[in-house]
Amino acid sequence: MIPGFNLNGVLPPFVGSTPGAPMAHSSPYECTPIEMVQRFSTTDHRKSLLRGFFRFRAALRAQGFGLGFQWVDGSFTEDVEAFGRDPGDIDVLTLSYRPDPYVADFAAWNAFVAGQRNGGIFDRNLNRTNFDCDTFFVDLHIPSHLVARQAAYWNGLFSHRRNSFQWKGMLAIALHIDDTDAIAALEGEGDE
């Protein structure tokens with residue numbers, strides 16, 4: 001379930017009367033790619049951003065990343081149009097396990113990451129240009145206490161507006177879910 005925007009034009013950080021409600025009623029809100037399209041493809045610009053997001057997911061899968069999830073946030077998950085502007089991009093934190101060839105070979109993984117930071121899947125500037133996504137990555141193969149620390153950092157950063165520090169919600173989308181239906185729905189919306 002993706003809740004509607006609250007009075008401040010953001011996804012609420014939780015639904016209900018208290019943040020102590022069951023996890024299903026709090027951010028990050030789990031959703032499918034099709035639910036994301038249904039909820040956020042409200043303008044041509046947003047549709048273009050979604051196309052880029054799905055291309056980014058395809059690029060991750062092409063590199064072997066398929067087990068994990070993504071947190072989606074930024075102006076894309078806000079009602080910025082009410083303030084007279086379009087969302088700039090989609091902020092995406094990918095929390096994923098390494099592709100099979102790199103699970104046990106730390107040196108190979110480090111070489112892969114280094115190579116992908118300049119002109120590859122971990123190149124934030126290139127991802128902004130090619131996919132309209134501001135991208136970040138958490139390696140779920142690192143020790144659990146380090147994953148927890150990184151998740152806490154990113155949750156704290158993503159769950160607040162940059163300019164006002166207002167608390168807000170975000171989305172969570174599994175990497176293994178196929179995007180085909182969502183892409184078809186996105187492309188078909190203009191034909192109705």
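This is a short chat about a predicted model.

Q: Ground rules first: which residues and atoms count here?
A: The model is predicted, so local features need pLDDT of at least 70 and side-chain atom pairs pLDDT 80 or more, while totals for chains, interfaces and linings use all residues. Residues are numbered from 1 along each chain as its sequence is written, and side-chain values use heavy atoms, without hydrogens and water.

Q: What's the strand order in the sheet?
A: E1-E5-E2-E3-E4, an open sheet of 5 strands with mixed pairing. Strands are DSSP runs of E, at least two residues; helices are runs of H or I, at least four; both are numbered from the N terminus. Two strands pair if DSSP finds at least two bridges between them.

Q: And which strands are at the edges?
A: E1 (29–30) and E4 (133–139). Each pairs on one side only.

Q: How many bridges join E3 to E4?
A: 7, and the two strands run parallel. E3 covers residues 90–96. Aspartate 91 stands opposite aspartate 134 in E4.

Q: Switching to helices. Which residues of H1 are buried?
A: Pro33, Met36, Val37 and Phe40, in a helix spanning 33–40. Buried means under 20% relative accessible area, with a 1.4 Å probe and protein chains only.

Q: Where do they sit around the axis?
A: On the same side of H1, because they cover an arc of only 100 degrees. That arc is taken over directions from the helix axis to the C-beta atoms.

Q: What covers them?
A: The cover includes H2, E2, E5 and helix H6 (180–188).

Q: Last one: serine 26, buried or exposed?
A: Buried, at 15% relative accessible area. Serine 26 lies in the segment before E1.

Key. Buried < 20%, exposed > 50% of the residue type's maximum accessible area, 1.4 Å probe, protein only. Contact = heavy atoms within 4.5 Å.
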